[in-house]
Every structure is written in C-alpha cells, then in structure tokens.
Amino acid sequence: MTLPRGFKAKAEREALRLRNELGLRDTDALKVEALAEHLGVKVVSADRLIDRTRLEDLERVQAYAFSAATFQINNQSYVVTNPLRAPERQTSDVAHELSHIMLGHDLTEVREVNGMPFRTCRPDEEEQATAFGGTILLPRTLLLDAARRKLNPEQIAAQYGVTDEMARFRYNTTGVAKQQVRGSRTTNTWGAKA
Ligand SMILES: [Zn+2]
C-alpha cells in the first residue's frame with residue numbers, strides 16, 4: 001500500500017498550518033485535545049460510556065482490537081479513546097482519528113468484536129490517517145529542530161509526549177536521521193580543516 005502522490009508533502013504543510021491556527025510555533029508540541037477542540041470534535045474516554053470491566057474483557061478477547069473510534073451523532077463528531085492505553089498511545093490514537101475526520105474519510109462502516117461495534121476503514125485510508133496523524137504530532141520541521149538540538153528519538157518521544165515507536169518511525173522516515181549523519185560529517189570535515 002502506498003500513499004497518494006504528494007500526500008506526505010501536503011501532510012507536512014497541513015501540520016504546520018494547523019499549528020499556526022492553534023497559535024503554536026512549528027516546533028511546539030501539539031496537544032491533541034486542543035486540536036480536537038479547534039476542529040469541534042469531542043474526545044470521550046470509553047469508560048464514561050461503558051463499564052471499564054467490559055473494556056478489559058474485550059482486551060482479553062482481542063488485544064488491541066479497540067484503540068480509538070470516531071462516531072458522528074447529530075453532526076457532532078466524537079472520538080472515543082481507550083483508557084487502558086498509555087497516554088502517549090492515546091495521543092497517537094486521537095491524532096489518527098482526527099486525521100480520518102480531516103481527510104474526510106467515510107465513517108460509516110461498522111463491524112462487531114465481542115458484541116461491541118467498531119468502525120472499519122479501508123486499508124488505504126488507514127495508512128493515510130496513520131501517516132497524517134504522525135505528521136501532525138511530529139512535523140519534519142520540528143524533527144529537524146530536535147535533531148539539531150541533538151535529541152534522539154527516545155528523547156523526542158519524551159519531550160513531545162508521543163510513543164517511542166512514533167518518534168523512531170517519524171525520525172527514520174522523514175530523512176531527518178540521514179540529514180543528521182550528513183550534518184555531523186560536514187562538521188567533522190570543517191573541524192579537520194581548522
Ligand atoms: Zn483508522
């Protein structure tokens with residue numbers, strides 16, 4: 001599965017545009033709650049809707065079946081999060097769901113797991129939402145700045161409140177890692193000449 005041509009560049013531009021709309025600098029951490037509010041989307045923890053024990057049961061039946069889901073009720077969008085997940089993971093999940101909404105994906109298809117309804121997505125839309133969600137949290141501009149400050153992916157994850165996996169993925173797929181190697185090589189050459 002590949003992203004549509006130009007998708008990644010557009011996602012980077014959108015990530016910076018959203019930061020601007022939120023009054024943030026390109027290199028500021030973005031709070032998904034603030035973005036949700038900005039978009040008029042309500043974020044609700046699933047244990048406010050059903051018993052936490054049902055969520056735990058579901059987790060036993062099919063681990064990671066439920067990360068987060070988006071519902072539209074009377075023209076109001078809701079992102080329902082799984083309180084069993086770590087906060088960093090919930091951040092990724094909310095960014096992913098908000099991405100579906102911003103990308104205008106169809107939110108109607110539903111399947112059931114253990115009697116609970118879940119929206120299913122087309123695989124290409126899943127990939128887009130994941131890519132856009134990661135870009136929103138860690139735009140390339142932000143990563144370059146972090147790399148200049150000598151932060152490694154784990155330090156970036158801690159500073160920006162995202163998972164290590166997300167930080168590593170973005171660090172490695174945006175060319176920031178390569179740029180860092182080039183950057184340090186240049187410095188060494190310069191240093192050797194001096
Ligand atoms: Zn999705």
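Gln72 stands opposite Ser77 in strand 3, where strands are DSSP runs of E with at least two residues, numbered from the N terminus. This pairing belongs to a predicted model, in which local features need pLDDT of at least 70, side-chain atom pairs count only at pLDDT 80 or more, and totals for chains, interfaces and linings use all residues. Residues are numbered from 1 along each chain as its sequence is written.

Strand 2 and strand 3 run antiparallel to each other and are joined by six bridges; two strands count as paired if DSSP finds at least two bridges between them. On its way into the sheet, strand 3 (residues 76-81) also pairs with strand 1, this time in the parallel sense and over four bridges. Here Lys42 has Tyr78 of strand 3 as its bridge partner. Taken together, three strands form an open sheet in the order 1-3-2, with mixed pairing. Strand 1 (42-45) and strand 2 (68-73) each have a single partner strand and stand at the edges, so one side of each lacks a neighbour in the sheet. On average, neighbouring strands of this sheet are turned by 30° against each other, direction ignored; the axes behind this angle are lines fitted to C-alpha atoms, and angles in general run from 0 to 180 degrees between N-to-C directions.

Most residues other than glycine have a negative phi. Asn74, although not a glycine, has a positive phi of about 50°, and Asn75, also not a glycine, has a positive phi of about 65°.

Helices are DSSP runs of H or I with at least four residues, and in helix 6 (residues 140-148), Arg140, Leu142, Leu143 and Ala146 are buried. Seen down the helix axis, the buried residues fall within an arc of 155°, so they line one face of helix 6; the arc is that of the directions from the helix axis to the C-beta atoms. Just after helix 6, Lys150 takes a positive phi of about 65°.

Definitions and conventions. Buried ≥ 20, exposed ≤ 12 C-beta atoms within 10 Å, placed from the backbone.
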